[in-house]
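Colleague: I would like to learn how to read the features of a model like this one. Could we take them one at a time?

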Amino acid sequence: MWFFGLFKRRKRERSRETAYKRLETILERRRPVAVTEIVPKNEFEENSEKIKQRIVDWVSDTFKVERDRVKVEFEEHNGYIVIITNVLFE
């Protein structure tokens, strides 16, 4: 009987199922970010360029990249400001 087991095909997982599992594991690893300070909207709008410049300075110093290769954008999602930072390394 074991002879038939040799030729038994293994069931392959579909790529969508494996991609879904990978996405689940990525989302499970996300850690919640504790909000330490809430800045009023008008204060944020007044100081947004200063905040942007400080982020650019920190990223360029940390990753040893020129300042013009760091781009920072702000987007509002569900009442929160999301900081999007793009770094061009090469």
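Modeller: Start with the elements: helices (H or I, at least four residues) and strands (E, at least two) are DSSP runs, numbered from the N terminus. This is a predicted model, in which local features need pLDDT of at least 70 and side-chain atom pairs count only at pLDDT 80 or more, while totals for chains, interfaces and linings use all residues. Residues are numbered from 1 along each chain as its sequence is written, and side-chain values use heavy atoms, with hydrogens and water left out.

Colleague: How far apart in helix H3 are Glu49 and Lys52?

Modeller: Glu49 and Lys52 are separated by about one helical turn, because they are three residues apart in helix H3. They form a salt bridge, meaning a side-chain nitrogen of Lys or Arg within 4 Å of a carboxyl oxygen of Asp or Glu. Here the closest N and O atoms are 3.9 Å apart.

Colleague: How many salt bridges are there by this rule?

Modeller: The count comes to three. Asp57 and Arg67 meet at 2.9 Å, N to O. Asp57 lies in helix H3 and Arg67 in the loop between H3 and S1, so this pair ties together parts that are ten residues apart in sequence. Asp61 also forms a salt bridge with Arg67, at 3.8 Å.

Colleague: Which residues here are buried and which are exposed?

Modeller: Buried means under 20% relative accessible area, exposed over 50%, and partly exposed in between (1.4 Å probe, protein chains only). Glu49 is exposed at 54%, whereas Lys52 is partly exposed at 25%. Arg67 is partly exposed at 43%, and Asp61 is partly exposed at 47%.

Colleague: What makes up the largest nonpolar core?

Modeller: In soluble globular proteins, nonpolar side chains tend to be buried together. A nonpolar core is a set of buried Ala, Val, Leu, Ile, Met, Phe, Trp, Tyr and Cys residues joined through side-chain atoms within 4.5 Å. The largest one here has five residues: Ile55, Val56, Val59, Val70 and Val72. Helix H3 (41–63) and strand S1 (70–77) are the elements that give two or more residues to this core. H3 gives the most, with three.

Colleague: What does Val59 touch, apart from residues up to four places away in sequence?

Modeller: Contact means heavy atoms within 4.5 Å. On that basis Val59 touches Lys64, Val70, Thr85 and Val87.

Colleague: How is a pair of aromatic rings described?

Modeller: By the distance of the centres and the angle of the planes. Rings of Phe, Tyr and Trp (its six-membered ring) pair if their centres lie within 6.5 Å; planes under 30 degrees apart count as stacked, over 60 as edge-to-face and the rest as tilted. The structure holds two such pairs. Phe44 and Phe74 have ring centres 5.1 Å apart and planes at 75°, so this pair is edge-to-face. Phe44 sits in helix H3 and Phe74 in strand S1, 30 residues apart. The rings of Phe63 and Phe89 are also edge-to-face, with centres 5.9 Å apart and planes at 85°.
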